[in-house]
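Open your viewer and get ready to select residues. We will go stop by stop.

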Amino acid sequence: MSEALQAIVVRELDPLELELFQLRSGGTKSRPVLDVRIERRDGEKVTVDDCAKASRAIEARLDTDSSIAARYVLEVSSPGVERPLRNAGDWRRFVGRDAVISTDAGPGVGGFESQDIRIAGVEGDADDEIIVVEDAGGQAHRVPLAAIRKARLAFNWKR
């Protein structure tokens, strides 16, 4: 993805109090598809109105930019209910929510993988955070953030 395109999207989202979560492109060369995932700066859920405002702003800017094909498909949405957890801020924001994680095996980590955990908190200093999760039995596990290979929120019908 071109940095110029990302800069355009970020610049258009900024006055709307929205942030770029992810930008992906697909489609064909003659008809690219731009998939823009957004978040609200206030941490609230992204609404359909937020997506519409973002789409209008980005589209207006892209239509005046010659670096984008004349015909393109722009899709704007939220990261979804099973959004990836990418940094300590994401973990703090979603304390109390269910998640799925996979970790690298290592000293004190043991390759922890779980489908049924709840985020209990984040401990430690910046760049040395420890994620605290509880398993289905209520047992707490402390996992270094740096050891987490993949994590996302989990939508659980049972809770």
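Predicted model: local features only at pLDDT ≥ 70, side-chain atom pairs only at ≥ 80, totals over all residues.

Residues are numbered from 1 along each chain as its sequence is written, and side-chain values use heavy atoms, leaving out hydrogens and water.

**Stop 1: the cores.** Select Val9, Leu13, Val36, Ile38 and Leu62. They have the most contacts inside the largest nonpolar core, which has 18 residues. (A nonpolar core is a set of buried Ala, Val, Leu, Ile, Met, Phe, Trp, Tyr and Cys residues joined through side-chain atoms within 4.5 Å. Buried means under 20% relative accessible area, exposed over 50%, partly exposed in between, with a 1.4 Å probe and protein chains only.) Another core lies apart from this one; its 15 residues include Trp91, Ile101, Ile117 and Leu145.

**Stop 2: salt bridges.** The whole structure holds 15 of them. (Each is a side-chain nitrogen of Lys or Arg within 4 Å of a carboxyl oxygen of Asp or Glu.)

Pick Arg83 and Glu39. Their side chains meet in a salt bridge, 2.0 Å from N to O. The two are 44 residues apart in the chain. Is Arg83 buried or exposed? Arg83 is buried, at 4% relative accessible area. Glu39 is buried too, at 8%.

Now select Glu123 and Arg142. Their closest N and O atoms are 3.1 Å apart, in a salt bridge. Glu123 is partly exposed, at 33%. Arg142 is also partly exposed, at 48%.

Finish with Asp14, Glu17, Glu19 and Arg41. A network of salt bridges links them.

Definitions and conventions. Helix = DSSP H or I, 4+ residues; strand = E, 2+ residues; numbered from the N terminus.
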